[in-house]
Amino acid sequence: MAALISKQDPRYNTLTKSRNLRFPSSPNDVVDSIELCENSDEVVAALQQVVDAGRRPTIRSGGHCYEDFVVNNPGGSILDLSVLTSSHLPGDGNRYRISAGKVLGDVYLDLFKRYGVTIPAGTCYSVGAGGHISGGGYGLLSRLHGLTVDWVSAVDIVAIGADGKAVARRVDKKQDPDLFRACRGAGGGNFGVITGYLFDSLPKPPQEVISGGISFDWRTMTEQRFIDVLLTYGEYWTTRGKDKDTWGLFSVLNLQHSDAGRFGLSLQFCNPDGTCRDLKVVNEFLDRFESCNPSPEHSVIRGDRTIAQQWPAGTPCSGQHALTRRLWLDATVEGSGGSSSRAKYKSTYMKANFTANEAKCIYKHLKRTIPGIDLRGSMVAVDSYGGGVNRTELLPETSICQRSSVMKLQFMSFWKNSQDDQGRLGWMRDLYQDLYTSDVVPPPYAGTPYPGEHYEGCYINYPDKDMLAYPFWPQLYYGEGELYPFLQDVKQRYDPHNVFHHAMSVRPKQRQV
Amino acid sequence: MRFPYLSRRAFLRGATAICASASLPMTGKELSPSVEYVGTADSIDVYRREAGHKRKVQSLASQHPSSITLDVTRKYLFAVNEIAEFQGLPTGSVESYEIEPISGHLGLISRVPLSLSATMPRQLAFSPDRRFLVVAVHGGGLYNVLPVSANGEIGGVTQILKEIGYSINGHRQSSAHPHSVAFHPSGKFLFGTDEGADRINVFRIDDGYMTCVHRVCTVPGSGPAGLAIDSSGSRLCVEHAFSTAKAQYLFDPGSGLLT
């Protein structure tokens, strides 16, 4: 039986909170109870009780949801799966299991130590697998091995049928293949409670990785040099970065606000065979930035999206660039826990290099100051993308439609005080609106990276409620094709009462009744 | 059966149809003319009837006000907006208006969103103690409770009660569709028809909190819809969406049972 955490319980206050301290938005939005579920049977029973009582269930694995989808649930109940962490269950056979409540750092440790395999998932240790994988799940090995959902063979999910009964089901390519596809990328909180993912096979991680980077001083930065940095970076991923021998290279260009003093890029590299014997690719990549005059005294910066934040731990490599060699497991699980703060995020998939105007716009907003608002902790992180992700044959098998992009942008801001909310949120909205109101965005879609020649929309795991202002928001996240109507059909079939919903969940098709 | 004049509404479906109305006879010095409020597809219109003639005196923009109801003190009017999306969210909304005592003209006080998934709300009822509204949400299959302050301002949703159910009439009854709500005169009970699940529900009301205490199943496929209760609170009349039949029920406030 699930542990019921009600208002009298000393754990209640803590467990009503999100990692994003903006939520719950107000005392009126707080849930009535939290149900801590250790296994699928407990999920079935707890979900049934919640539904029978007419309350709304929301689902939490790691608690990292960027928006208010989980903890803003007035009078409702959170089904908290953070203690649902089994590594193997009867009936799994030889398949690997990742339970929904397991955090990514523990997943990496567990899979590596037990089996010598891994998933190409995210960098933050404490992100829960349940939500992360349901939205796609990508990270430093994704250019090499694709998305985590690309490897999923089956999903265990508890759904509410037409008769209102909670039923646990295992879905795969043969059993309920439509729901299986929907669980591979559509995002959390849509169709039911995912309790676990099963994998027939998983990739082997590299033994070692190379870490490194370069940084730039905002005090000496000029607009032209900033443009050069962005275009040099983007040019690589649109050309050389498509070659298979570079797929082991993953980089984040972390464009921090000028208040932070510096910005830079960090990288992780291995050869496609998982070794680090040949560093030609990484040296060639860093060579391209020599003309941009990176700071020699600070080869890398630290920050929320910096790869291997403990860098320069590890063994220095010989050569002109400051690179270190580390065990992959150490590089993957150390120092990436993240801490709670107030936060806001946006995202963009890019199919093409930055234009000079885009670079100018980003430069302008990173230099912009707001009286009384400290904009340190505000940034645009430009992740390398593509490679093994862009296997278009997976389009009909998964619910990830972005298979043509070479960069993925994450707009982020982290702060402590609620008094700064307006300034922080406004800064990011202004940047985004400005950046995507240009000649590469068709006028009807101004203000958004609408899918087209230049952009490929947004990432559902980086949800942004500001996009709800646009009636075409589903197309930003799921494309213009058959995917969103397909997901609506899945919603109708497997959650006919729309028990599972949040502000950006797949919406039932409207019927005239 | 005598229907309280403020509870009687006509529901006509269609893009431009008049979908809700309520009339307000003036009292005292304003006895001679009467005022009528009519919801259309995109407005609430105010009509005055004088010397046998009816004329429109005001029209306020309002999105699909499918149900409007008047405060018993005639100070406020409430409307529910039967829409699928409000402020980008999948929900409907409710509005409150102040009634100008002499002219009967309306002035908007507040408009607030319903809960997530409270799409296409159909009808609302104002509690006899004038403290809260209950909204029957047809599309999302649920009820919302919202507080109303003494100045007529509607507060945020305080209770969401999701219904699960279905019946035999194809996609029109593939899930619960609360249609109408009406308070028992005591304010201790609320009745709700569910067009999708072929049910009439009795809710006990405790300090603005709804708890279902009894359900009556109607003829399968009938779709109970319109609802009215007599002034004694003992008799309930129900119209049906998919049947011309009207049904009457007796209510025992002692047991909370409907027969």
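Into which domains is chain A divided?

## Division of the chain

In this predicted model, chain A is divided into domain 1, which covers residues 1-205, and domain 2, which covers residues 208-476. The C-alpha centres of domain 1 of chain A and domain 2 of chain A are 27 Å apart, and the contact between them draws 35 residues from domain 1 of chain A and 35 residues from domain 2 of chain A.

## The side of domain 1 that meets domain 2

On the side of domain 1 of chain A that touches domain 2 of chain A, the elements that contribute two or more residues are α3 (104-115), α5 (142-145) and α6 (177-182) of chain A. Sorted by class, this side of domain 1 of chain A holds 15 nonpolar, twelve polar and eight charged residues.

## Overall form

The radius of gyration of chain A is 22 Å, which agrees with the value near 24 Å that a compact globule would have with 513 residues.

## Secondary structure and packing

Chain A contains 13 helices and 16 strands, and 55% of its 513 residues count as buried. When the contacts in chain A between residues at least 6 apart in sequence are considered, 72% of them join residues at least 24 apart.

Note on methods:
Residues numbered from 1 in each chain as written. Chains lettered and ligands numbered in written order. Predicted model: local features only at pLDDT ≥ 70, side-chain atom pairs only at ≥ 80, totals over all residues. Helix = DSSP H or I, 4+ residues; strand = E, 2+ residues; numbered from the N terminus. Rg over C-alpha atoms; globule rule 2.2 N^0.38 Å. Buried ≥ 20, exposed ≤ 12 C-beta atoms within 10 Å, placed from the backbone. Contact = placed C-beta atoms within 7 Å. Domains from an automatic or database assignment. Nonpolar A, V, L, I, M, F, W, Y, C, P; charged D, E, K, R; others polar.
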